[in-house]
Amino acid sequence: MSVAVEAKDLVKVFGSVRALDGLSFSIENGEIFGLIGLNGAGKTTALRITSTLLLPTSGTVKVFGRDVVEEASEVRSLISYLPEEAGAYKNLSGNEYLKFMASFRAKNKDAVRELVDVASEISGLGERLRDKVKGYSKGMKRRLLVARALMTKPKLAVLDEPTSGLDVLHSVHVRGIIKRYVKKQGVTVLLSSHNMLEVEYLCDRVALINKGRILATGSPAELKTRYKAVNLEDVFGEVVGFA
Amino acid sequence: MLKGLFNIVVKEVKELVRDPKILLPMIIIPLIMFPLMGFAIQTSMEAAEEGIGKISIAVMDLDGGPVAENLRINLTNWNVKIVEIDDPDLTEAFSYVQESNLTGLIVIPSGFSQNITEGKTSELEVYAPFRGGGITESTSSSAVSSLVSLFENNLIDQRINERFPESNSTTVLNPIALSEKSIINGKGVDVNPEVLFGLVISQSTIIPVGIMMLLIFAMQLAATAVASEKEEKTLETLLTLPINRFMILAGKLTGSIIVAVVGAIAYLIGFSYYTSSFTGAIPTDAGVDLAAIGLAPTFLSYLLMGLSLFMALLSALALAISLSVFAEDVRGAQALVGPLSILFVFPMIFTIFTDISALPFPLSVILLAIPFTHPMLAARVSFTGDYLTAIGGILYMTVFTVIVLYIAARLFGTEKILTAKLKFRRFSLRRKK
């Protein structure tokens with residue numbers, strides 16, 4: 001399998017805060033890879049660097065062989081990023097929002113329509129896509145955004161806390177979308193979460209991150225065996241040391 | 001690349017125009033508020049005029065002579081309803097006038113006719129009841145004095161015709177027929193200079209006010225366009241799209257310009273309606289053919305005005321966007337951009353009231369250093385013919401715009417757009433301690 005993402009010795013310093021402290025990981029093509037850690041562990045910073053939003057203080061990240069600093073515009077054409085607290089343009093309808101986003105990837109109007117149809121199917125929002133986004137519930141908005149991130153079949157989808165702030169029903173729906181659609185389309189996923197159960201359900205491999213460093217990497221099953229734990233929460237407790 | 005720019009522009013315009021916080025104050029309110037104000041003033045004026053048409057005056061004739069009779073006949077001919085007061089008690093008469101809602105009271109004193117006939121000055125008392133103000137009332141009360149003046153003019157004509165039967169009273173009163181003309185660019189022009197100055201002043205007032213409004217609208221919009229992306233958490237997604245970040249910046253600038261122009265037009269339409277409601281019409285040409293007297297804007301002056309305004313808009317927007325990068329939300333961005341209004345108000349006041357070259361040297365340097373002075377100066381180019389100042393201003397603004405756009409592009413092109421913040425809150429908390 002080819003390497004989709006390779007991060008080496010990533011360091012990111014914000015003033016006096018060292019958000020990433022020599023972070024390294026690699027993701028295989030078609031893999032769903034999860035970064036798990038507490039709030040402030042450095043997950044979002046790692047995802048933002050991979051998505052070309054932040055510059056690393058030192059270290060490198062390559063996405064399908066393209067450097068996120070030197071070849072940022074090429075990387076942007078390969079990825080789709082879903083921020084944790086993402087919003088959509090509230091004065092546009094769901095359809096208009098999807099068309100706007102699709103128009104940057106599609107070559108013509110027919111292609112835009114096809115992508116919007118895909119997004120409509122992924123989101124399951126149906127007729128509500130005609131309504132303005134400001135009338136959407138938090139769950140509907142997140143479903144719209146997940147659909148936006150996946151509709152273009154990106155080579156790499158970077159999803160920061162994909163079910164953040166959602167109730168059980170919407171969380172299940174969003175997880176279902178990611179699991180089914182991503183595997184079907186062969187999209188590589190880098191996601192972050194502090195929901196261990198979610199990560200266990202979704203990810204092929206996970207990396208446990210704390211204070212900007214990776215403490216352990218492996219498939220959920222491997223990690224549970226390695227640390228003789230019942231679930232990833234116990235693994236995390238064992239590794240980070242609060243259990 | 002251009003397709004991406006077009007997408008951003010369309011999105012920006014939709015977002016801005018559909019936002020009630022922008023649509024209401026910038027487009028709807030000027031189009032409704034000003035015409036409503038104009039309607040209120042127009043209605044009051046019409047009511048005042050109607051009131052003049054229904055004047056009822058109490059007349060206390062203590063004279064009873066032929067001139068007093070003549071005055072009463074004249075008033076009746078002018079459609080004035082006369083109420084005769086026979087009782088010479090003034091206090092009673094005042095109460096009656098106020099209670100009966102009459103326009104005024106004329107007291108013709110004893111000996112009035114005799115004095116006038118003998119060529120002497122005679123006193124005439126006019127009382128106007130005070131009911132608490134208002135344009136209608138002041139117009140009505142001054143109408144009584146005007147009617148008396150009209151009667152006085154008749155008396156003057158009568159006296160002149162009696163003393164100089166071979167002359168026309170108009171010729172006696174106006175021995176000189178003044179014909180006022182102007183000299184424009186070395187040529188005598190058959191236009192009253194007062195009319196010409198009025199025309200120039202009206203244009204040199206409206207244009208700077210219009211430019212100022214346009215620039216203020218545009219800056220607020222551009223600041224909102226970036227800050228709302230932060231506030232609504234859409235900026236990060238936008239920045240990871242496969243489009244050059246300068247195109248995002250250009251799209252935001254263009255969208256803001258389009259909506260600001262619509263807003264400024266709405267403001268000017270509303271303002272023109274408001275002004276025309278009490279002046280009859282904006283004196284755009286005052287009956288003067290500007291082309292015939294060489295003051296009509298030429299293609300070159302239009303070009304220079306357009307270029308100057310465009311550069312001012314670009315630099316204002318780039319300045320607003322650069323500043324809004326440091327704000328976390330729309331309110332913060334508007335607070336940052338708001339004080340910059342001084343850069344428009346200051347040049348506007350000076351260009352309306354004076355010629356910048358007549359100001360003390362340091363002050364004129366300060367004014368010329370403000371880029372937004374130049375479109376206001378360029379607006380006068382068709383009157384002054386000073387194309388060099390306009391061209392110099394455009395060049396200066398171009399340099400300023402390039403520098404500010406470069407800064408804006410740098411801020412957009414790096415992580416600064418996400419990480420730069422001005423911490424007002426921390427500052428205020430510290431102060432509280």
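Two strands pair if DSSP finds at least two bridges between them. The exercises below use that rule on a predicted model.

**Exercise 1. Which residue of E10(A) is the bridge partner of Leu208(A)?**

Solution. 
- Start with the two strands. E9 of chain A covers residues 205-210, and E10 of chain A covers residues 213-218.
- Find Leu208(A). Its bridge partner in E10(A) is Ala216(A).
- Asn210(A) has Arg213(A) as its bridge partner in E10(A).
- Now state the pairing. E9(A) and E10(A) run antiparallel, with five bridges.
- Look at the turn. The hairpin of E9(A) and E10(A) has two residues between the strands. Lys211(A) takes a positive phi there, near 50 degrees.

**Exercise 2. What is the strand order of the open sheet of six strands in chain A, and which strands are at its edges?**

Solution. 
- Recall the general rule. Strands of a sheet pair through backbone hydrogen bonds, either parallel or antiparallel.
- Write down the order: E6-E7-E8-E3-E9-E10 in chain A. The pairing is mixed.
- Pick out the edges. They are E6 (79-82) and E10 of chain A, because each pairs on one side only.
- Place the helix. H5 of chain A (residues 138-151) packs on the sheet and touches E6 and E7 (156-160) of chain A. The direction of H5(A) makes about 170 degrees with that of E6(A).

**Exercise 3. Which residues have the most contacts inside the largest nonpolar core?**

Solution. 
- Take the core as a whole. The largest nonpolar core has 78 residues.
- Name the residues with the most contacts inside it: Ala157(A), Val158(A), Val189(A) and Leu190(A).
- H5(A) does, with eight residues.
- Turn to chain B. A second, separate core has 75 residues, including Leu215(B) and Phe400(B).

**Exercise 4. How many residues of chain B are in contact with chain A, and which helix of chain B gives the most?**

Solution. 
- Count each side. 20 residues of chain B contact 23 residues of chain A.
- List the elements of chain B that give two or more residues: helix H1 (2-18) and helix H9 (235-239).
- H1(B) gives the most, with six residues.
- Sort the chain B side by class. It has five nonpolar, six polar and nine charged residues.

Terms used:
Residues numbered from 1 in each chain as written. Chains lettered and ligands numbered in written order. Predicted model: local features only at pLDDT ≥ 70, side-chain atom pairs only at ≥ 80, totals over all residues. Helix = DSSP H or I, 4+ residues; strand = E, 2+ residues; numbered from the N terminus. Contact = placed C-beta atoms within 7 Å. Axes fitted to C-alpha atoms, helices over the stretch in contact; angles between N-to-C directions. Core = buried A, V, L, I, M, F, W, Y, C linked by C-beta atoms within 7 Å. Buried ≥ 20, exposed ≤ 12 C-beta atoms within 10 Å, placed from the backbone. Nonpolar A, V, L, I, M, F, W, Y, C, P; charged D, E, K, R; others polar.
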